[in-house]
Amino acid sequence: DLDAAFMLYDTLRLLRAPLLTLGRYCASAAALLLAAGKRRYLTPHAKVMLHLPFGQAVGDARDWEIQHKQMKAYKETMVELLRECGVKKSSEEILRDVDRDFWLDPKEAIEYGLADEILNKETLAKWLR
């Protein structure tokens, strides 16, 4: 549910304490929530997936128009928030990438700007100090 994800995203971004996010399997809205952290970690074999918002049109043609408008707004907001989190791609590039399920391994997700580091024994030891 993107509305719930956007509300949680807003809450995470408003926190004053440094929020650490840890991803293992971050698909769809979970990838956005991973990216919202101040320090973003992935486990060594994590998977991250982005895609376009999903919806179902029901009702008559006018209802479809309303739903289409809402889906377009979701898509624009998602791209805007990904860029706010540090994705170093243009809006057009992101939209091209997420046209279908866009899977990333941890190194690719870091390069894309969704995470900062792979969690391993060394990074975990930093936390425990």
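Predicted model: local features only at pLDDT ≥ 70, side-chain atom pairs only at ≥ 80, totals over all residues.
Student: Which residues form the nonpolar patch on the surface?
Tutor: Leu 20, Leu 124, Trp 127 and Leu 128. Together they have about 400 Å² of accessible area.

Student: Which helix gives the largest share of the patch?
Tutor: Helix H6, residues 121–128. It supplies 3 residues.

Student: And where does Leu 20 lie?
Tutor: In strand S1, which covers residues 20–27. Leu 20 counts as partly exposed because its relative accessibility is 42%.

Student: New topic. Is Thr 43 buried or exposed?
Tutor: Buried, because its relative accessible area is 17% and the cut-off for buried is under 20%. Thr 43 sits in strand S2, residues 39–50.

Student: What is Thr 43 in contact with?
Tutor: Leave aside neighbours within four places in sequence. Then the contacts are Leu 22, Gly 23, Arg 24, Pro 106, Ile 118 and Leu 119.

Student: Now rings. How many aromatic pairs are there?
Tutor: The count is 3. One of them joins Tyr 25 and Trp 103. That pair is tilted, with 6.0 Å centre to centre and 50 degrees between the planes.

Student: How many residues apart are Tyr 25 and Trp 103?
Tutor: 78. Tyr 25 is in strand S1 and Trp 103 in strand S3, so the pair links distant parts of the chain.

Student: Is Tyr 25 buried or exposed?
Tutor: Exposed, at 54% relative accessibility. Trp 103 is partly exposed, at 38%.

Student: What about Phe 102 and Tyr 112?
Tutor: They form a tilted pair too, 5.3 Å centre to centre with 55 degrees between the planes. Phe 102 lies in strand S3, and Tyr 112 in helix H5, residues 106–112. Tyr 112 is buried, at 5% relative accessibility.

Definitions and conventions
Residues numbered from 1 in each chain as written. Heavy atoms only, no water. Patch = residues over 30% accessible without salt bridge, like charges linked within 9 Å, V, L, I, M, F, W, Y side chains within 5 Å. Areas by Shrake-Rupley, 256 points an atom, 1.4 Å probe, with all protein chains shown as cover. Salt bridge = Lys/Arg side-chain N within 4 Å of Asp/Glu carboxyl O. Helix = DSSP H or I, 4+ residues; strand = E, 2+ residues; numbered from the N terminus. Buried < 20%, exposed > 50% of the residue type's maximum accessible area, 1.4 Å probe, protein only. Contact = heavy atoms within 4.5 Å. Phe/Tyr/Trp six-rings, centres within 6.5 Å; stacked < 30°, edge-to-face > 60°.
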